[in-house]
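Try each task before reading its solution.

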Amino acid sequence: MKCAEAGDMSNGRFSHLLRGVWLLWLWQAVFVAGTGTKLWEVPTASFTSSSNLSESLQWEQDCQYRHLQDRVRITADIPPRLDGTWVSTRCEVRPGPEFLTRSYTFHSTRHFLALQHYYTDSSCEDPAYSLMIRGKLRLRQASWITRGATEAEHHLSKVGIVVHSLAAKQRLVSGLPATCVGLTLGRVVPGKLYELYNTRAGRGCLSALGFSMMELGLIRVETQHHSHGGKVQELFLGDIHTDWTQRTQYRPTGYQQPLQSAMHHIHPCPVCALVYRSSEQRPPVLPRSPPATPLSLAGRWVSQRCETRPNVLFLTRDFTFDPDQHAWEGVYRHYSDPACSQPTFTLRASGHYAQGNPSAKISGATELVFKVTQVRATAAEEPTAKLLNGTRPGKCGRAGDWEVGVEQDLTPTDGCTLLGIKLPHKEYELFKTELDHRKHPLLFVGERPTDGSNPDRPQRRPTSFQAPMVLCSGGETTQPSHRYGFNSKQVQLAASGTERLAQLVLLVLGAVLCSWVCVY
């Protein structure tokens with residue numbers, strides 16, 4: 001169920017799709033050379049605070065997002081203001097899968113204390129062990145790779161571990177090198193804090209645990225201002241690589257699901273309170289989840305926010321499912337900015353899906369197989385149209401006929417080589433539904449591989465999720481129209497016509513260098 005993760009029903013990307021993205025960036029760099037204006041402002045040494053304002057998600061006029069009915073205004077400060085405690089709002093799922101909750105406290109002295117509680121189950125009801133991480137964080141500059149984010153560097157001073165049961169200790173010991181077990185975890189007593197790392201010790205045991213705080217390398221804080229006077233603050237930290245062997249070295253260019261301020265969070269939020277009051281010895285035990293109900297996809301599901309993906313990808317997703325016909329359609333709108341206010345292109349996909357068995361790895365999740373049979377694309381700006389017009393005949397729609405705002409069907413050319421779209425295409429997926437704090441349905445779609453590969457076989461099925469989508473048109477089933485056509489994969493063009501050539505070339509080179517370690 002994917003094709004060009006711009007649209008990604010699951011936002012994936014083909015490995016050669018990434019090449020197309022960089023070609024788009026490079027082409028636009030040449031196109032806008034000499035304009036003399038900046039794509040975005042990078043703070044100088046004085047780190048002047050600026051606020052980026054965006055109205056509440058106006059990209060879909062005919063779908064009233066329930067959580068935005070009160071006209072939410074979103075701001076993001078650069079540099080971000082981190083002081084205070086930030087907590088998980090639900091049981092988080094990381095690639096693996098790993099199940100955890102987080103509580104991070106930042107002080108004005110630049111010191112931080114991070115608590116990570118790991119569990120054996122996807123409901124975070126059975127704690128396995130907790131990590132207590134201390135260190136210092138230094139904000140550096142606005143990111144040249146991920147617009148709207150701030151880069152930072154961290155230094156760890158101590159990492160401690162508390163194992164919560166003998167069974168959890170045994171599971172940890174079985175997965176660690178013998179030297180690590182003999183020197184450390186072999187002596188651990190459940191309920192007692194043991195120092196796993198300090199500035200005088202090596203990081204062997206940390207690496208064996210797959211532990212990394214590289215997420216602190218990319219930071220963004222958003223504030224939602226509600227019309228009734230209240231506000232919600234969210235902390236976005238860097239994404240976690242989906243490949244276990246790469247996660248300790250990966251420099252993030254996308255985000256995880258956000259933490260929320262302990263002072264300014266959604267209401268009600270029982271999980272927030274439990275995580276806030278937790279400690280390394282007393283991990284939060286989340287309320288028992290109601291019995292899982294059969295996956296119901298009927299209706300239309302939309303993004304809750306402007307979504308960010310690794311390697312400068314900003315988009316919104318819009319899916320419609322017809323269970324009776326086993327049909328789906330997806331609309332993926334791509335933008336050049338983190339507020340999703342500057343469109344670059346749109347992909348539409350359609351096809352069929354088959355619902356499989358419950359997941360053996362994540363309770364409540366369901367395995368599916370998606371097939372993309374039709375894809376359509378629309379250029380939203382002139383540089384995109386010119387680039388597509390430069391493709392060889394028969395490789396990407398009707399060569400020479402691309403115009404801004406005019407949709408083209410890519411199905412006759414079996415996709416688009418430049419965008420990495422190949423038709424037809426099959427993908428192995430993982431879906432899950434649950435209710436939010438207002439009892440509204442949420443849809444979680446499998447996370448795309450960080451390296452840009454394709455889950456085209458069962459072994460590559462995702463083990464974690466993207467940002468949840470909300471049910472827009474309450475369970476009504478709409479037959480996919482013939483004008484729709486594309487699915488799962490994000491492609492993102494660079495912002496058009498606003499950056500000097502030299503700066504964009506630096507941006508592209510930097511991103512390419514980063515992608516050697518961590519491609520989305």
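**Exercise 1. In which helix does leucine 387 lie?** Then decide whether leucine 387 is buried or exposed.

*Solution.* Keep in mind throughout that this is a predicted model. Step one: leucine 387 belongs to helix α6, which covers residues 382–389. Step two: its relative accessible area is 11%, and buried means under 20%, so leucine 387 counts as buried. Step three: look at leucine 418, which is 31 residues away along the chain. The C-alpha atoms of leucine 387 and leucine 418 are 9.3 Å apart.

**Exercise 2. Describe the overall make-up of the protein.**

*Solution.* Begin with secondary structure: the protein has seven helices and 24 strands. Next comes burial, where 58% of the 520 residues count as buried. Finally, take the contacts between residues at least 6 apart in sequence: 68% of them join residues at least 24 apart.

**Exercise 3. How many residues does the largest nonpolar core have, and which have the most contacts inside it?**

*Solution.* The largest nonpolar core has 37 residues. Those with the most contacts inside this core are Phe106, Phe112, Tyr129, Ile133, Phe211, Met213 and Leu235. A second, separate core has 34 residues, including Trp328, Tyr332, Ala377 and Leu410. Now zoom in on leucine 235. Setting aside residues up to four places away in sequence, leucine 235 touches Leu82, Trp86, Phe106, Ile219, Arg220, Val221, Pro258 and Leu259.

**Exercise 4. Work out the surroundings of threonine 85.**

*Solution.* First, locate threonine 85: it sits in strand β3, residues 84–87. Second, check its accessibility: threonine 85 counts as buried because its relative accessibility is 17%. Third, list its contacts beyond four places in sequence: Ser103, Tyr104, Thr105, Gln260, Ser261, Ala262 and Tyr276.

**Exercise 5. Which residues are the closest to the centre of the largest cavity?**

*Solution.* Start with the search of the whole structure, which finds four cavities of 30 Å³ or more. The largest cavity holds about 150 Å³ of space. It is lined by 18 residues, and the closest to its centre are Arg94, Gly210, Phe211, Ser212 and Arg247. Then sort the lining by type: nine residues are nonpolar, four polar and five charged. For the strands, note that β6 (111–119) and β7 (127–142) each supply at least two lining residues.

**Exercise 6. Examine some backbone features.**

*Solution.* As background, most residues other than glycine have a negative phi, and most peptide bonds are trans.

- *Cis bonds.* The bond from histidine 267 to proline 268 is cis, with omega near -5°. Proline 268 is in the loop between β12 (259–261) and α5 (270–276). The bond from leucine 423 to proline 424 is also cis, with omega near -10°. Proline 424 is in the loop between β21 (421–422) and β22 (425–435).
- *Positive phi.* Histidine 326 has a phi of about 55° and lies in the loop between β15 (313–322) and β16 (327–335). With a relative accessible area of 44%, histidine 326 is partly exposed. Aspartate 414 has a phi near 60°, and its place is in the loop between β19 (407–409) and β20 (415–416). Its relative accessible area is 48%, so aspartate 414 is partly exposed.

Technical notes:
Residues numbered from 1 in each chain as written. Predicted model: local features only at pLDDT ≥ 70, side-chain atom pairs only at ≥ 80, totals over all residues. Heavy atoms only, no water. Core = buried A, V, L, I, M, F, W, Y, C linked by side-chain atoms within 4.5 Å. Buried < 20%, exposed > 50% of the residue type's maximum accessible area, 1.4 Å probe, protein only. Contact = heavy atoms within 4.5 Å. Helix = DSSP H or I, 4+ residues; strand = E, 2+ residues; numbered from the N terminus. 1 Å grid on protein atoms, 1.4 Å probe; cavity = no way out; pocket = protein on both sides within 12 Å on 5 of 7 lines; lining within 4 Å. Points joined across faces, edges and corners; volume = space filled by probe spheres on them. Nonpolar A, V, L, I, M, F, W, Y, C, P; charged D, E, K, R; others polar.
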